[in-house]
Amino acid sequence: MKKIRPIMIVGTGSDVGKSWITAGICRWLKNHGFDPAPFKAQNMSLNSFSTADGLEIGRAQAVQAEACKLAPMVEMNPILLKPSAENKSQVVLYGKPLGVQTAKQYFTNDKNHLFEEAQRAFRILDGTFSPVVMEGAGSISELNLKHRDIVNMRMAQAANACVYLVADIDKGGIFGSVYGTIALLEEWERNLVKGIIINKFRGDQTLFEEGKKMLEDLTKTPVLGVLPYASDIVLEEEDSVALTQRKTTAQNGKLNVAVIRLHYMSNYTDFQAMEQEPLINLYFTRDAEELKKADVLIIPGTKNTIEDLVALKEDGITEIIKSLYGSLPVIGICGGYQMMGKWIEDPFQVESDRGREMGMGLFDSTTTLTKEKTVIQQNFRFKDYRETCMGYEIHMGETKVPEDKHLNLIDGSPEGYFDGDKSWGTYLHGILDNQVVINELLRVKHKDTQAKNYLQFKEAQYDTLAAWIDRHLDMDTIIKNSEGG
């Protein structure tokens with residue numbers, strides 16, 4: 001394996017496409033004979049994933065690992081922040097919960113030990129793979145946060161990475177955002193930046209040639225790619241901002257699957273397989289009238305089950321769910337599954353100081369929240385189907401279910417709840433990525449339809465993304481920069 005310097009993708013701000021571009025570069029490198037691995041020192045997201053050894057990382061790094069054709073490893077994202085209440089986050093270090101901290105506590109505490117852990121994780125990857133493809137977070141020019149930085153330029157310096165700055169031209173203000181970002185960097189930081197990447201360009205790129213030269217003259221940094229807006233490539237998003245772009249209403253002629261939009265909704269990537277089915281209209285809502293138009297209702301996962309349940313009661317949504325139950329499938333995933341039972345007990349105040357909260361009473365089950373988090377990948381069988389399915393669990397809680405009401409089998413052991421009619425609940429994230437499960441849901445309205453194989457679909461998307469990178473990003477220069485030592 002030829003050793004080359006790490007490649008790092010950073011941004012002028014959040015939601016500029018860093019995760020996408022990182023994944024695309026990962027697959028391009030893999031397709032061109034390199035042995036890449038992704039790395040993000042610190043991630044803030046409610047979308048997470050379980051590694052094979054039962055450790056929790058950000059979902060974006062799991063996606064990037066897939067692009068590298070690797071099994072996700074905890075070293076790919078050693079620090080994960082999971083917002084659990086207003087201004088509070090659970091800190092996950094090396095895949096295990098460290099505790100809950102306020103934003104002030106996290107950003108004012110001495111983070112040297114976290115930075116040391118991040119560097120340790122990077123060194124493990126760097127000793128095995130080449131190149132490590134790193135991702136930054138937010139903007140690299142947040143002056144009030146830079147001295148506490150463990151994910152952007154300080155990490156780039158520690159890794160001796162070649163850094164590439166991504167800006168979203170679709171947001172507007174491209175000159176100010178790029179020039180301002182670079183101008184605010186210290187000299188040692190500017191020396192690490194080897195190029196600029198313009199993302200989400202619409203229209204004729206030749207019309208931006210003059211603008212490209214202006215940027216290069218202003219910043220003394222080459223523009224290595226102008227990436228067109230790619231609406232035809234489907235990849236799981238990291239940032240919750242992506243939820244604002246999701247459908248919110250029912251549609252005639254399709255199977256309308258309504259996902260209740262929770263305040264602390266987690267792992268909304270559970271539903272992206274359904275978004276690719278032409279006969280399914282998936283939408284996110286809290287609107288009573290839109291919920292009543294649904295053919296299938298889903299209560300998703302949440303980082304704070306009790307507080308989200310209380311909010312659903314206050315907004316009258318639990319009564320709507322109860323009125324629809326029995327006439328259509330109501331599905332609960334993880335926290336949503338816990339809500340559908342009789343009670344949620346929280347004796348250790350894991351989520352709330354309420355101690356316990358009455359559930360919706362749709363299922364004959366009770367949940368006790370535990371101090372220990374269950375994080376595990378699972379192979380399972382759904383209902384009585386023979387196919388082997390794949391999913392993963394990330395939850396703090398144990399749910400008691402009557403023996404005759406179980407949904408899945410995991411190595412012969414029961415999991416989940418099936419009411420014997422239409423509705424079910426499970427702790428398994430990723431259950432809706434399995435073809436057999438989507439086939440059953442489609443038959444609510446479309447009897448003889450076969451769902452896509454989502455795993456094959458994702459593989460094809462990675463290669464399409466790599467081809468997009470190949471056409472529009474100067475990978476030859478990026479590789480030469482990393483070979484330069």
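**Chat about a predicted model**

Modeller: Tyr94 is buried, with a relative accessible area of 15%. Bear in mind that this is a predicted model.

Biologist: Where is Tyr94 found?

Modeller: In the loop that joins strand E7 (88-93) to strand E8 (96-102).

Biologist: What about the phi of Tyr94?

Modeller: Phi of Tyr94 is near 50°, which is positive, and the residue is not a glycine. Most residues other than glycine have a negative phi.

Biologist: Which loop holds Lys69?

Modeller: Lys69 sits in the loop between H2 and strand E6 (79-85). Lys69 also has a positive phi, about 60°, and it is not a glycine either.

Biologist: Back up to H2 itself. At what angle do H2 and H15 pack?

Modeller: Helix H2 (residues 59-67) packs against helix H15 (residues 454-472) at about 80°, and the axes are 10 Å apart. H2 and H15 are therefore roughly perpendicular to each other.

Biologist: Which residues of H2 and H15 meet?

Modeller: From H2 there are Arg59, Val63, Glu66 and Ala67; from H15 there are Lys458, Glu459 and Tyr462. Sorted by class, that contact of H2 with H15 has three nonpolar residues, four charged residues and no polar ones.

Biologist: Changing topic. Is the peptide bond from Ser130 to Pro131 cis or trans?

Modeller: The bond from Ser130 to Pro131 is cis, and its omega is near -5°. Most peptide bonds are trans. Pro131 lies in the loop between helix H4 (112-126) and strand E9 (132-135).

Biologist: Now Ile260. Which strand does Ile260 lie in?

Modeller: Ile260 lies in strand E13 (residues 255-260).

Biologist: And why does Ile260 count as buried?

Modeller: Because its relative accessibility is 0%, and buried means under 20%.

Biologist: What is Ile260 in contact with, leaving aside neighbours within four places in sequence?

Modeller: With those neighbours left aside, Ile260 is in contact with Met265, Thr285, Leu291, Leu297, Ile298, Ile299, Pro300, Leu312, Ile317 and Ile321.

Biologist: What separates the C-alpha atoms of Ile260 and Asn434?

Modeller: Those C-alpha atoms are separated by 21 Å, and the two residues are 174 apart along the chain.

Biologist: Leu312 was in that contact list. Which residues in H11 are buried?

Modeller: Leu312 is one of them, together with Thr305, Ile306, Asp308, Leu309, Val310 and Ala311. Helix H11 (residues 305-314) is mostly covered, with seven of its 10 residues buried.

Biologist: And which glycine follows H11?

Modeller: Gly316, with a positive phi near 75°.

Biologist: Whole chain, then. How many helices and strands are there?

Modeller: The protein chain has 16 helices and 29 strands. Its radius of gyration is 23 Å, close to the 23 Å from the globule rule for 485 residues, so the chain is as compact as a globular protein of that length.

Biologist: What box do the C-alpha atoms fill?

Modeller: Taken along the principal axes, the box is roughly 65 × 50 × 40 Å.

Biologist: How much of the protein chain is buried?

Modeller: Buried residues make up 58% of the 485. The accessible surface is about 19800 Å², and 48% of that belongs to carbon and sulfur atoms.

Biologist: Last one. Of the contacts between residues at least 6 apart in sequence, what share joins residues at least 24 apart?

Modeller: In the protein chain, that share is 73%.

Key:
Residues are numbered from 1 along each chain as its sequence is written. This is a predicted model: local features need pLDDT of at least 70, side-chain atom pairs count only at pLDDT 80 or more; totals for chains, interfaces and linings use all residues. Side-chain values use heavy atoms; hydrogens and water are left out. Axes are lines fitted to C-alpha atoms, for helices over the stretch in contact, and angles run from 0 to 180 degrees between N-to-C directions. Helices (H or I, at least four residues) and strands (E, at least two) are DSSP runs, numbered from the N terminus. Angles under 35 degrees count as roughly parallel, over 145 as roughly antiparallel, 65 to 115 as roughly perpendicular and the rest as oblique. Contact means heavy atoms within 4.5 Å. Ala, Val, Leu, Ile, Met, Phe, Trp, Tyr, Cys and Pro count as nonpolar, Asp, Glu, Lys and Arg as charged, and the others, Gly among them, as polar. The radius of gyration is taken over C-alpha atoms; the globule rule is 2.2 Å times the number of residues to the power 0.38. Buried means under 20% relative accessible area, exposed over 50%, partly exposed in between (1.4 Å probe, protein chains only). Accessible areas come from the Shrake-Rupley method with a 1.4 Å probe; for residues, only the protein chains shown count as cover.
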